[in-house]
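Me: Hi! I have a structure open here and a few things I'd like to ask about it. Can you walk me through it?

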Amino acid sequence: MEQRTFRRTGQRASVIGLGTWQLGADWGSVDEDDAAAILRAAADSGITFFDTADVYGDGRSERLIGRFLREFDGKGAENLLVATKMGRRGPQDPAEFTLDNFRAWTDRSRANLGVDTLDLVQLHCPPTPVFGTAAVYDALNTLVDEKRVAAYGVSVERCDEALAAIAQPAVASVQIIVNPFRRKPLERVLPAARAAGVGIIARVPLASGLLSGKFRHDTAFAPDDHRTYNRNGEAFDVGETFSGIDYATGVAAAREFGELAPGQQTPAQLALRWIIDQPGVTSVIPGATRVEQARENAAAAGSPPLSAATLSAVEEIYDRRIRGQIHHLW
């Protein structure tokens, strides 16, 4: 699989990675054996980049990856890059983002993952003022100096937060929602990141599954699935569920989008190919709850770039159905 470089650090990541929120919580239940099989299938399919967070299942996702790394030891584990996130275990108060807390949070993640140094740690969608606080970046630099982390980045909800982070000289990466139904980052964030040498990790690439084309207006999700309990942002930012799109609108738009998939390509693979074709994207991190999903997602990296006609058709669907609903929000 194609590997792309985080230019500020030299670290390399597969262009399609694996997001592991699903292995922790909030997407229904995935048992440990199934989670281990998904991780192995991803690696066997060429995926070298794994994204997690300390709050996914209260550390369950990190621990599952840690076990996977131990099993992978000596079989190319040095080529794997694991990114985790911190900052959402406590109150969402900018005053909480201190060096002492960073040390405690990263020590817990290091223990969960079974590593001395975290490859990449990201601030996990913290309050907006955190992105402009010099002391926060001083503390992150201290973590690097202490070898608790090799590099750091941020995960953001809004474009202005991404731009503030990109302006910081040691930020390695910005994780942001990018998909065919969430195009605003293409206007300023991706060009700024590309110019500055900051990597872009594209999350929620399938709009919480909408872009798979498998959902109907009456599709039901489990009670412990955020697609049930966070549709309107009741638990966390609404953009994390269906990219902030009204569900009925999203189902209709996804039906049209899926009709653009050529030949044997699935709508999900079309969406992933669209994302990795965007200049500035380093890696896209779809999740998986089944082995087959992990393999199919990885296979999208081997498909050819999209034609100009397909790109134009995707943009037309967005402009007609989505832009007016969400474009001003992020």
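Predicted model: local features only at pLDDT ≥ 70, side-chain atom pairs only at ≥ 80, totals over all residues.

Me: Where is Leu 123 found, then?

Reply: Leu 123 sits in strand β6, residues 120–124.

Me: And is Leu 123 buried or exposed?

Reply: Leu 123 is buried, because its relative accessible area is 1%, with the cut-off for buried set at under 20%. Leu 123 and Gly 87 are 36 residues apart in sequence, yet their C-alpha atoms are 5.9 Å apart in space.

Me: Nice. Switching to helices: how does the span of α2 compare with what its residues should give?

Reply: The two agree: helix α2 has 13 residues (60–72), so at 1.5 Å a residue it should span 18 Å, and its end C-alpha atoms are 18 Å apart.

Me: Which residues of α2 are buried?

Reply: They are Ser 61, Glu 62, Leu 64, Ile 65, Gly 66, Phe 68, Leu 69 and Phe 72.

Me: What covers those buried residues of α2?

Reply: The cover includes α1 (32–44), β4 (49–51), β5 (81–86) and α3 (99–113).

Me: Tell me about α1 and α2. At what angle do their axes cross?

Reply: The axes of α1 and α2 cross at roughly 55° and come within 10 Å. That angle makes α1 oblique to α2. From the α1 side, the contact is made by Glu 32, Ala 35, Ala 36, Leu 39, Arg 40 and Ala 43. From α2 come Arg 60, Leu 64, Ile 65, Arg 67, Phe 68, Glu 71 and Phe 72.

Me: And which hand is the crossing of α1 and α2?

Reply: The crossing is right-handed.

Me: What about Leu 113, which helix does it lie in?

Reply: Leu 113 lies in α3, and it is buried, with a relative accessible area of 3%. Setting aside residues up to four places away in sequence, Leu 113 touches Glu 62, Ile 65, Gly 66, Leu 69, Val 82 and Leu 118.

Me: New topic, cysteines. How many disulfides does the count come to?

Reply: Zero disulfides. Cys 125 is in none, and the nearest cysteine sulfur, that of Cys 159, is 13 Å away.

Me: Last one: what is the phi of Ala 207?

Reply: Phi of Ala 207 is near 50°, a positive value in a residue other than glycine. Most residues other than glycine have a negative phi. Ser 208 also has a positive phi, near 60°.

Me: Where are Ala 207 and Ser 208 found?

Reply: Ala 207 is in the loop between β9 (199–203) and α7 (226–229), and Ser 208 lies in the loop between β9 and α7 too. Ala 207 is buried at 0% relative accessibility, and Ser 208 is buried with a relative accessible area of 3%.

Technical notes:
Residues numbered from 1 in each chain as written. Heavy atoms only, no water. Disulfide = S-S within 2.5 Å. Helix = DSSP H or I, 4+ residues; strand = E, 2+ residues; numbered from the N terminus. Expected span 1.5 Å × (residues − 1). Buried < 20%, exposed > 50% of the residue type's maximum accessible area, 1.4 Å probe, protein only. Contact = heavy atoms within 4.5 Å. Axes fitted to C-alpha atoms, helices over the stretch in contact; angles between N-to-C directions. Parallel < 35°, antiparallel > 145°, perpendicular 65-115°, else oblique. Left-handed = near helix turned anticlockwise from the far one by under 90°.
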